[in-house]
Amino acid sequence: MKIKFTLLFLSFFGIVNSQIISGRIISSENNNSIPYVRIGVDGQNIGTITDENGNYKIDLTNVDKSKKVTVQLGGYNPFEQDIQNFINSNNHTIVLKEKVNEIAEVKLSPKTYENKNWGINTKAKKVGFWYNSNDDSKGNWREEIAISFSNKKKVKIEKINLNVNQFDTNKPVLLNFNIYSEDKNRPGKSILDKVLTVELSKDKIKDGTFTYDISDESIWVDNENFFVSVQIVSGYKGKISFSAALLSTVYIRSYYDKWQKIPAGAPAINIDVKIAKDKKIKA
């Protein structure tokens, strides 16, 4: 009887001290749910992604309570809260506030801007970033990968291109793209004022390239280096591979862990931009 009582007590103690938090992430503008958003612990490989209805469940049982719960999404101001305060809160609905776009629209003139393509264009068949998934939370398919762009002019990003050498899945997947400023040679803060999420399916890959046209958005980078990232945010069964270039550098992180710089190879992410022409000096 004493042994049974002890086991029951330990089970009850474990349940009481379990800190698995469930909630929802919504927009402050209309209270609508925000699907496929990362929620995690700052500086740690701990987190989850909201489902199609914006719901999440995150296990904070064994996490350092001095850390912060973090949510970052292009187009919204970041959310941060001390883990202990987050756990103690009666309401675990996270409200993200939309950024205010203060960038004035710039009228483009063919005389002052020209079209360029920057980035990695390889369409390698046997070299790539491979993702295997069984439609669960395991595997590396949730990792965010980014490449850097050096920039000393004013540019407008028109299209993001991703070379794909394998796409064998049971359903389309969602990709989330982000554009970051540079901070200590790593991706810093998102410069976006809108979420860049798009569906990728096999029929949208033309000649090995998936193109996401964002020319209707006013995405400008003025005389500063920046990073473009991509992340798969919806589950699937199958294999996906992005073509990669050897001896190029990629930056990788899981959830909100620190960005890791890996110089062995980089995914074939390239962008179409409109770039300011050099002014001609009159003789």
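Which residue takes a positive phi in the hairpin of β12 and β13? The first legend answers this, and each legend describes a close-up of a predicted model.

**Figure 1. The hairpin of β12 and β13 has two residues between its strands.** K184 is the residue in this hairpin that takes a positive phi, near 55°. Strand β12 covers residues 173–183 and strand β13 covers residues 186–190. The two strands run antiparallel and are joined by three bridges.

**Figure 2. A salt bridge joins the side chains of R38 and E144.** The N to O distance in this pair is 2.8 Å. The structure holds eight salt bridges. Through salt bridges that share partners, R38, E144 and R253 are joined into one network.

**Figure 3. D207 and K123 form a salt bridge between two loops.** The closest N and O atoms of the pair are 3.3 Å apart. D207 is in the loop between β15 (205–206) and β16 (209–213), while K123 is in the loop between β8 (113–119) and β9, so the contact ties together parts 84 residues apart in sequence. With a relative accessible area of 67%, D207 is exposed. K123 has a relative accessible area of 38% and is partly exposed.

**Figure 4. K156 and E158 meet in a salt bridge through their side chains.** The distance from N to O is 2.6 Å. Are these two residues buried or exposed? Both K156 and E158 are buried.

**Figure 5. The side chain of R142 makes a polar contact with the side chain of Y255.** This contact has a length of 3.1 Å. R142 sits in the loop that runs between β9 (128–134) and β10 (144–149). Although R142 is in a loop, this residue counts as buried, because its relative accessibility is 15% and the cut-off for buried is under 20%.

**Figure 6. K206 is an exposed residue in strand β15.** Its relative accessible area is 58%, and the cut-off for exposed is over 50%. A polar atom of the K206 side chain lies 2.9 Å from the backbone oxygen of D203. N163 is 43 residues from K206 in sequence, yet the two C-alpha atoms are 9.3 Å apart in space.

**Figure 7. The largest nonpolar core contains 45 residues.** Which members of this core touch the most other members? They are I157, L175 and F226. Strand β11 (residues 154–169) gives the most to the core, with six residues. Leaving aside residues up to four places away in sequence, L175 touches L162, L196, T197, V198, L200, F210, V230, Q231 and I232. Another core, of 21 residues, lies apart from the largest one, and its members include I34, Y56, V63 and L73. In soluble globular proteins, nonpolar side chains tend to be buried together.

Notes. Residues are numbered from 1 along each chain as its sequence is written. This is a predicted model: local features need pLDDT of at least 70, side-chain atom pairs count only at pLDDT 80 or more; totals for chains, interfaces and linings use all residues. Side-chain values use heavy atoms; hydrogens and water are left out. Helices (H or I, at least four residues) and strands (E, at least two) are DSSP runs, numbered from the N terminus. Buried means under 20% relative accessible area, exposed over 50%, partly exposed in between (1.4 Å probe, protein chains only). A polar contact is a pair of N or O atoms within 3.5 Å; within protein, one must be able to donate a hydrogen and the other to accept it, and residues adjacent in sequence count only if both atoms are side-chain atoms. Two strands pair if DSSP finds at least two bridges between them. A salt bridge is a side-chain nitrogen of Lys or Arg within 4 Å of a carboxyl oxygen of Asp or Glu. A nonpolar core is a set of buried Ala, Val, Leu, Ile, Met, Phe, Trp, Tyr and Cys residues joined through side-chain atoms within 4.5 Å. Contact means heavy atoms within 4.5 Å.
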